[in-house]
Amino acid sequence: MGRGVFAVTIWIFHFALLCFSGCARAQLSFNVAEEADKGTVVGNLAKDLNLNINILRNRELRILSDNLKKYFDVDLKTGELFVCDRIDREELCPRMEKCTLHIEAILTNPTQLHRLEVHVADLNDNAPFFREKIYVFNVSESSSTGERYLLPVANDPDWGINSIKNYRLSSNEYFSLDGGQQSESAELVLQKPLDREKVSTIHLTLTALISVDISDVNDNAPHFSNSVLGVYIKENAPIGSIICTLITFLFVCLFF
């Protein structure tokens with residue numbers, strides 16, 4: 001009898017699991033930039049799930065997350081998925097090329113699970129820095145020109161195009177910089193023999209550089225070289241005659 005009850009329990013468990021799996025829908029993907037303001041709309045679940053707003057309210061749509069923090073919530077009046085907490089990509093996905101947050105939208109009566117993923121885009125919100133403010137190199141005055149000295153690596157929590165691009169060395173007559181272009185590290189190269197009796201200490205400044213690409217915004221209205229343009233047309237011109245043709249923001253006039 002005990003074995004029979006156990007077998008029935010196992011069967012019910014597997015049946016429920018299959019039913020619950022059947023309730024899960026295809027995964028939806030959204031995009032959001034890190035540090036987006038609270039209230040920023042990521043997407044509209046009512047439209048993406050093809051559900052009526054009243055259904056979302058009546059079936060108590062909820063957003064659950066694997067993270068300790070709840071970064072997203074849903075407005076049951078509009079169906080919009082929005083940011084409800086600060087998103088720090090470097091904290092969530094340190095040194096990772098891609099950063100994706102997995103959340104779930106759950107409906108009740110009956111239970112339906114919709115798996116969602118939100119891709120967090122990196123912003124250049126961190127300045128590169130060196131762990132130490134001052135590094136001391138002991139170089140013998142007998143060193144030959146061409147000798148190399150590995151420089152410290154700067155740190156930048158940002159990733160990809162927002163990370164360190166190159167280094168720059170302050171102008172001096174003794175050392176040059178090698179490996180500073182598109183490299184994470186660089187080396188000092190001795191260019192001129194050293195004479196301690198003449199110069200005992202050389203102060204150099206190493207700068208870690210990043211590049212910031214400014215995307216274009218359509219903030220300029222098109223304008224013409226002439227504020228007034230005269231057009232001539234015959235009084236007996238037939239209806240439908242072309243007077244002027246607009247080509248790439250310039251007027252080309254045809255006279256009749």
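The model is predicted, so local features need pLDDT of at least 70 and side-chain atom pairs count only at pLDDT 80 or more, while totals for chains, interfaces and linings use all residues. Residues are numbered from 1 along each chain as its sequence is written, and side-chain values use heavy atoms, with hydrogens and water left out.

The protein has four helices and 14 strands. Both are DSSP runs numbered from the N terminus: helices are H or I with at least four residues, and strands are E with at least two. Of the 256 residues in the protein, 27% are buried. Buried means under 20% relative accessible area, exposed means over 50%, and partly exposed lies in between (1.4 Å probe, protein chains only). The protein exposes about 18200 Å². Carbon and sulfur atoms supply 55% of that area. Accessible areas come from the Shrake-Rupley method with a 1.4 Å probe, and for residues only the protein chains shown count as cover. Contacts were also counted, a contact being heavy atoms within 4.5 Å. Among contacts with a separation of 6 or more, 59% join residues 24 or more positions apart.

One disulfide is found. The term covers a pair of cysteine sulfur atoms within 2.5 Å. In general, a disulfide is a covalent bond between the sulfur atoms of two cysteines. Here Cys93 is joined to Cys99, with an S to S distance of 2.1 Å. The link of Cys93 and Cys99 is right-handed, with 60° about the S-S bond. Cys93 and Cys99 are both buried. Cys84, by contrast, is partly exposed, at a relative accessible area of 25%.

The largest pocket holds about 910 Å³ of space. A cavity is a set of points where a 1.4 Å probe fits but cannot get out, whereas a pocket is an open set with protein on both sides within 12 Å along at least five of seven lines. Grid points are joined across faces, edges and corners, and a volume is the space filled by probe spheres set on the points. Lining residues have an atom within 4 Å of a point. The largest pocket has 29 of them. Tyr135, Val136, Phe137, Ile202 and Leu204 lie nearest its centre. The lining comprises 18 nonpolar, six polar and five charged residues. Nonpolar here means Ala, Val, Leu, Ile, Met, Phe, Trp, Tyr, Cys and Pro; charged means Asp, Glu, Lys and Arg; the others, Gly among them, are polar.

Several loop residues deserve a separate account. Pro110 sits in the loop between strand S6 (100-107) and strand S7 (112-121). The peptide bond leading from Asn109 to Pro110 is cis, with omega near 0°. Asn109 belongs to the loop between S6 and S7. Its phi is near 55°, a positive value in a residue other than glycine. Asn109 is exposed, at 65% relative accessibility. Glu35 also has a positive phi, near 65°. Glu35 is placed in the loop between strand S1 (25-33) and strand S2 (41-44). At 27% relative accessibility, Glu35 is partly exposed.

Asp125 lies in the loop between S7 and strand S8 (148-150). With a relative accessible area of 34%, Asp125 is partly exposed. Not counting residues up to four places away in sequence, Asp125 touches Glu34, Glu35, Glu90 and Asp158. Asp125 and Glu90 are 35 residues apart in sequence, and their C-alpha atoms are 9.7 Å apart.

His203 occupies the loop between strand S11 (187-190) and strand S12 (206-209). His203 is exposed, at a relative accessible area of 72%. From His203 to Ile134 the separation is 69 residues in sequence and 9.9 Å in space, C-alpha to C-alpha. Asn172 is in the loop between strand S9 (166-169) and strand S10 (175-178). Asn172 is partly exposed, at 25% relative accessibility. Asn172 and Ile202 are 30 residues apart in sequence and 8.8 Å apart in space, C-alpha to C-alpha.

Conventions
1 Å grid on protein atoms, 1.4 Å probe; cavity = no way out; pocket = protein on both sides within 12 Å on 5 of 7 lines; lining within 4 Å.
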